[in-house]
Amino acid sequence: MGNTVSPDSQKSAAQAVADAASAIEGVEAEVVERSSGTNPRNVVVVSASPESWRFLAENLYSEHAVDHCSMVTGIHWPDAEAERRWEVVYHLLRTGVRDPPIENGLVRPMMANPTKLRGASVPIELEIHVHIPDTTTPSVDSVQDIWVGADWNEKETWDLVGIDFDGHQGMRRVLQPHETPQGFHPLQKQHHLRYHGFEEMYDDAQGFMRKPADVGKIK
Amino acid sequence: MAEMWISMGPQHPMTHGLWTLKVKVDGETVVDTEPDLGYIHRGVEKICESRDFTQITTYCDRLCYASANTWSHAYIYAAEDLLEVEVPERAEYIRLVAVELQRIASHLMWLGAYGPDIGNLSVMVWCLREREMMMDLLQELGGSRMHYNFPRVGGVKRDLPHGFAQRARAKLKLFLNRIQEYEALFDESTVFLVRSQGVGYAKPEEMVNHGVTGPNLRAGGVNYDIRWAHPYSVYSELDWAPPVERSSIKGADCYDRYRVRVEEMRVSASLVLQALDKMPGGADTYHEPEDPMILAKAPTRAPEGTTGAHHFEDSRGESMFYIAGGGEGRGKQPYRVSIRSPMFITIPYAAKCMIGYKVADIPAIMGSFDPCIGETDR
């Protein structure tokens with residue numbers, strides 16, 4: 001009972017990371033209390049400039065043991081003000097996972113006790129927003145070499161949203177076909193979802209003969 | 001010997017779905033791999049942008065056909081974060097029952113599919129027999145066999161039906177006895193042991209850095225679990241601990257990943273039984289769907305600039321939703337929905353794990369990571 005991380009210890013751990021991150025130039029960090037269901041959770045919400053992002057990522061990895069990149073999300077905001085037309089959101093976790101110790105040639109499983117974790121071993125979650133000004137070729141620095149888990153996330157973000165990652169090795173289409181036209185990224189907002197007519201489903205399943213304006217069919 | 005690329009898939013028993021694994025071989029030895037995904041990319045994220053918050057659960061159900069409930073619940077928690085809804089405690093218990101039953105069903109599906117992968121055909125039939133019991137229980141909750149559409153923003157669709165708790169207890173008791181049968185089938189099968197032990201080693205620290213979580217990580221001897229690290233639902237009220245496997249010093253092999261999933265089914269069954277006992281209002285009393293204990297009132301519109309996110313322990317690892325809501329004139333619909341699929345991240349890692357092993361080990365290694373292509377391709 002009560003064998004989960006308590007909100008209080010999570011809050012102080014999150015606050016420590018937020019304070020340290022705020023000291024970096026171009027970075028603003030705060031701890032936001034969110035709820036899901038009945039549980040409160042404390043999230044470190046960071047806003048970083050594209051120039052400071054790479055330094056922030058290295059700092060979090062080496063100084064604060066943030067060891068897991070959950071997700072990279074790209075968002076296209078064509079109607080926002082010019083400084084924030086593109087946004088990349090990183091969700092990071094500090095898991096505290098270490099290779100279990102070996103004693104007498106046997107592995108001793110590492111059983112963290114959630115109620116006893118303190119300080120830098122408390123699992124925390126971070127949400128980092130990087131805003132990119134208006135451009136036709138948005139890009140931020142890649143963190144593929146810091147968290148390998150970001151590798152395919154970055155590939156996907158480029159594939160679907162069109163935000164490129166400087167320094168990313170082996171960028172390619174992952175979810176869309178390899179022969180997708182250059183510059184086509186479906187999650188950009190100029191592409192609208194559109195209903196097929198009943199016959200179209202069979203005559204033109206791929207949509208290659210699509211009419212330029214589909215009045216009344218765009219949702 | 002000359003090296004050459006061969007293509008396994010898209011139609012191949014190893015893939016458990018539709019994708020291609022390009023393998024560079026030197027004789028029988030794998031020297032390089034390259035996964036190629038996207039064969040069933042449906043654009044769920046784009047579709048969600050033109051649906052109301054309440055309509056999206058059905059799409060999330062269909063992300064993974066083996067584990068529908070965990071996906072719709074992962075979405076609902078993120079949507080509740082966005083819409084700032086307080087969920088009644090009874091509904092949280094019912095959700096826990098639904099999710100943990102689904103976890104058992106998903107692991108049984110995996111176990112059943114993993115047997116034929118490495119030459120043990122009969123286990124498939126045995127596992128599907130018990131999966132049927134779990135699906136019957138889930139059908140009582142959601143009304144459908146695979147895609148339940150069970151959770152709602154602010155609660156669940158309906159209460160546990162009359163007699164559900166009694167039937168669930170009886171079936172889980174039977175199930176806990178029958179787990180021993182699978183263990184006997186696998187652990188006493190020389191073919192299984194020879195093919196699963198000592199192949200596909202993976203170390204915990206490396207796995208976390210590569211984004212691999214869930215049972216695959218716990219097989220390596222660490223107890224990291226989103227359910228205690230970032231608690232949601234009522235896991236803090238129940239007595240449980242995630243199962244951990246004592247791996248070899250080289251890391252977790254395919255056998256450890258099999259063991260940890262079998263143990264996880266036991267833990268899930270125990271969680272369901274505890275939740276039925278502790279449920280506020282009693283598991284045997286039926287409440288009407290309009291009852292505030294089942295479904296809280298929830299707003300349908302999100303103010304502009306709000307976001308919601310939630311990390312969730314899926315059957316295959318950490319799943320996650322991030323929703324940017326609101327926007328000009330579109331308060332009922334999300335502006336952007338982003339989905340983290342555990343398998344999308346794990347498949348490239350599993351492909352790296354194969355390097356150095358023989359071509360015949362590929363199905364054993366790939367299968368042990370529990371790939372599901374529905375969620376991978378979205």
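**Chain A, elements.** I counted 4 helices and 9 strands in chain A; helices (H or I, at least four residues) and strands (E, at least two) are DSSP runs, numbered from the N terminus. I read their order from the N terminus as α-β-β-α-β-β-β-β-β-β-α-β-α.

**Basis.** I note that this is a predicted model, in which local features need pLDDT of at least 70 and side-chain atom pairs count only at pLDDT 80 or more, while totals for chains, interfaces and linings use all residues. Residues are numbered from 1 along each chain as its sequence is written, and chains are lettered from A and ligands numbered from 1 in the order in which they are written.

**Chain A, burial and contacts.** I found that buried residues make up 40% of the 219 residues in chain A. A residue is buried if 20 or more other C-beta atoms lie within 10 Å of its own, exposed if 12 or fewer, and partly exposed in between, with C-beta atoms placed from the backbone. Of the chain A contacts with a separation of 6 or more, 65% join residues 24 or more positions apart; a contact requires C-beta atoms, placed from the backbone, within 7 Å.

**Chain A, sheet.** I traced an open sheet of 5 strands in the order β1-β2-β7-β4-β3, with mixed pairing. Its edge strands are β1 (27-36) and β3 (68-76), each pairing on one side only. Two strands pair if DSSP finds at least two bridges between them. I then followed β1(A) to β2 (residues 39-48) of chain A, its antiparallel partner over 10 bridges. Here A29(A) stands opposite V46(A) in β2(A).

**Chain B, strand β8.** I looked up β8 (residues 336-340) of chain B and found 5 of its 5 residues buried. On one side are R336(B), S338(B) and R340(B), and on the other V337(B) and I339(B). Strand β7 (residues 317-324) of chain B pairs with β8(B) in the antiparallel sense over 5 bridges. Within this pairing, I323(B) has V337(B) as its bridge partner.

**Chain B, annotated residues.** I saw that the UniProt annotation "binding site", from an unreviewed entry, covers C64(B) and C372(B); such annotations may be inferred rather than shown by experiment. The two span 309 residues in sequence, yet no two of their C-alpha atoms are more than 6.8 Å apart, so they gather at one spot.

I placed C64(B) in the loop between α2 (56-61) and α3 (68-83) of chain B. C64(B) counts as buried because it has 25 C-beta neighbours inside 10 Å.

I placed C372(B) in the loop between α13 (362-368) and α14 (373-377) of chain B. C372(B) is also buried, with 26 other C-beta atoms within 10 Å. Leaving aside residues up to four places away in sequence, C372(B) touches residues including C64(B), R316(B) and M343(B).

Key
Contact = placed C-beta atoms within 7 Å.
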